[in-house]
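Dear colleague,

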Amino acid sequence: MLVSALLTSVGINFGLCVLFWTLYSSLRKQPANYHVYAPRLLSDGQSQGSSTFRLERLLPTPDWVRRAWQSSEEELLSSSGLDAVVFMRIITFSLRVITLAVVIGVFILLPVNFSGDQLHDVNFANLTSSSLDIFTVSNVKDGSNRLWAHFCAVYLLTIFVCFLLYHEYKYVSSRRISYFLSSKPQPHQFTILVRSVPVSAGITVSDSVERFFKEYHPSTYLSHVVVRRTNKLRYLINDTKKLYKRLIHLQREPTASKSQPGSFFGLFEAKDDLVDHYEKKLEDLEENVRLVQSDVSMAGEEVRAAFVSFKSRYGAAAALHIQQADNPTQMVAEQAPEPHDVYWPLFPESFMRRWISQLIVIVACILLTALFLIPVVVVQGLTNLSQLEIWLPFLKSILNVAFVSQVVTGYLPSLILQLFLMMIPPIMKFLSSVQGHISISEIIKSACNKVLWFTIWNIYFANVLSGSVFSQIFIFLEPKNVPARLAVAVPAQASFFIAYVVTSGWTSTTSELFRLIPLICSLIRKCFSGNTNNELKDPAFPYHGVLPRVLFFGLLGITYFFLAPLILPFLLVYFCLAYTIYSNQFINVYAPLYETAGKFWPIVHNSMIFSLLLMHAIAVGIFTLKKLPLASSLVFPLPVITLIFNAYCRKRFLPIFVAYSAETLIKKDREDINDATTAEFFNKLVAAYQDPALLPMQYSSDSNRERTSLLSPV
């Protein structure tokens, strides 16, 4: 890729970033109707201001940037929970790593690379049309002692990253424990989920669960709630809610009359008649819901799974970590999520069904990974003008135009790749939902892992190795050739990844200020539903879409900092933007839908360890190709030390993210003994895990009250 094409890509994306930033700074001061980007601000009345439009409000203000940059962890904790605090720690961790990499890479390694004389055919008089290889390690002469600077840089960054990982793992672990100790009693702390409940003839699932736990956990068992099949009921409830919203909207309309669907030749009927029609239909739907709820409550609709609650946290933990039945595939226990975090649809009731669904998801992920190589090949073709002219000869005259060729080779490839990547997080979320996870948080964590490794394989390795899926697999089947192949291929893709950071990083992060996709979806819903009232909804933060991108950019920074340091300033700008924008979004836009208490951090730790190991493999290949065998040999202790460090962290910190210790649980249980609200909490705990679809609902009376209030005189 030419330097001029890269500069074109940077210029286009920089202009988009400035546009988004300026518009957001202006719209924050406007009245009312921009609820998509800041629903929590509007719901709290913080950005309402005057209801009139003022021209001076169009002038952007940097105040929100200052407030976002100076936000404290306690402010984030109170507004968005511990998960938001941990996410921002991930950003600050990445900022520290990239800052050190910039200091070493840009101020030490970049001059060393640029002053090399390995590449003799570079036209320094016309640098804009020359390759970026002169800024990479490829320009250092083979066997040169200057390569020892790169060797020392690899060692220094490895030590620094491991030190930061240990510090952050320790800090997040302590915050997780302190967050648990300071929390009020929560239903999920006293409850486990039991699957594959064995049922004898003539005995219901509820009776089987009650007999088992009263016999084997008599002193700690409190109550249980059996899971029931409610998928059909949910569809009926959704239809009822939609009709209720249409009815309320119709009652609030100022127009005198509406045409009822199905009326003779579209004749108009009185608005009151149409309202009466909808109210009657709503009452019929509610009656159907009550009948179906009654049918579902019968024993025949039971799923062989139940939420079992205990009198203490320690009692629930003891039941969770002990095998309940002689057959390990029966009475399988797992920690219950928060009641509002339960994912009721697609509830797998047996061990075998869950195991089969996991196998199907693995196969689906492999197929998706293979199919995604098609757009990757297209993108690689766009970066090569000669290849593109062979594929599409009729475009040869257009591609000869300088600006067109710069846009096609510099901006278009990363943009196309980003558009395809936007479809991956929703797909992975769906695959995780059918995998058998019981909670939304577990679905998001699973999707986060899938998106991360999908991105590493299809964006990093597929672009670097530039071959079919079979040739890529063949390369990794010969481990001795992996370092050498990566050492040749990775530096050659530096310019592509710089453009990718600018497109996927800068532009996507600044567009987060507007949340463009939710805005478009909101406008479409209004057009088709006719609903013009602003319903403020607090969206949940899309960890499965954002966190993999952050970790992937961290991988790029670690693996490229000694190969092509020119990418580091672009990554530094991205992480600065991410810190400011996501801090603002957590405080003003997103509301926590669930709380994992920092369980995303192990994903971060594993990703950083993989990045270090990948950097070590590339370093071995680089020093071997550069005919510096001593440096190549001295790199080998680094992956060994890194793996030992990882094993220590897994033993020292990971158990804290799996379960709380007996010390912590008993200490918390003892605090509840003197709490006057404990008895009331246990009374509510009995019905805390009741399926929301089985709760009574009554919309018709609400619509009647709405109609009365609208017709009553002021």
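**Helix packing**

In this predicted model, helix H19 (residues 494–511) and helix H21 (residues 543–560) have axes that come within 12 Å and cross at roughly 150°. Because angles over 145 degrees count as roughly antiparallel, H19 is described as roughly antiparallel to H21. The crossing of H19 past H21 is left-handed. On the H19 side, the contact involves Ala494, Phe497, Tyr500, Val501, Ser504, Gly505, Ser508 and Thr509. Their partners in H21 are Arg549, Phe552, Phe553, Leu556 and Tyr560. Sorted by class, this contact between H19 and H21 comprises eight nonpolar, four polar and one charged residues.

A second pair consists of H5 and helix H27 (residues 662–673), which pack at an angle of about 20° with their axes 10 Å apart. H5 is therefore roughly parallel to H27, and H5 passes H27 in a right-handed crossing. From H5, the residues making the contact are Ile177, Phe180, Leu181 and Ser182; from H27, they are Thr664, Leu665, Lys667, Lys668 and Glu671. The contact of H5 with H27 has four nonpolar, two polar and three charged residues.

**The second largest pocket**

H5 also takes part in the second largest pocket, supplying five residues, the largest share of its lining. This pocket holds about 1200 Å³ of space. Its lining is made up of 45 residues, and those nearest the centre are Arg176, Gln335, Lys599, Phe657 and Val658. At least two lining residues come from each of helix H5 (147–182), helix H9 (313–320), strand S6 (332–335), helix H16 (440–465), helix H23 (601–625), helix H25 (637–652) and helix H26 (654–658). In terms of class, the lining of the second largest pocket contains 19 nonpolar, 13 polar and 13 charged residues.

**Cavities**

How many cavities of 30 Å³ or more does the structure hold? There are four of them, and the largest cavity has a volume of about 90 Å³. Ser80 and Asp83 belong to the lining of this largest cavity, together with Ala540, Phe541, Tyr543, Phe586, Tyr590, Ala591, Pro592, Leu593 and Tyr594. By class, that lining has nine nonpolar, one polar and one charged residues.

With kind regards

Notes
Residues numbered from 1 in each chain as written. Predicted model: local features only at pLDDT ≥ 70, side-chain atom pairs only at ≥ 80, totals over all residues. Heavy atoms only, no water. 1 Å grid on protein atoms, 1.4 Å probe; cavity = no way out; pocket = protein on both sides within 12 Å on 5 of 7 lines; lining within 4 Å. Points joined across faces, edges and corners; volume = space filled by probe spheres on them. Helix = DSSP H or I, 4+ residues; strand = E, 2+ residues; numbered from the N terminus. Nonpolar A, V, L, I, M, F, W, Y, C, P; charged D, E, K, R; others polar. Axes fitted to C-alpha atoms, helices over the stretch in contact; angles between N-to-C directions. Parallel < 35°, antiparallel > 145°, perpendicular 65-115°, else oblique. Left-handed = near helix turned anticlockwise from the far one by under 90°. Contact = heavy atoms within 4.5 Å.
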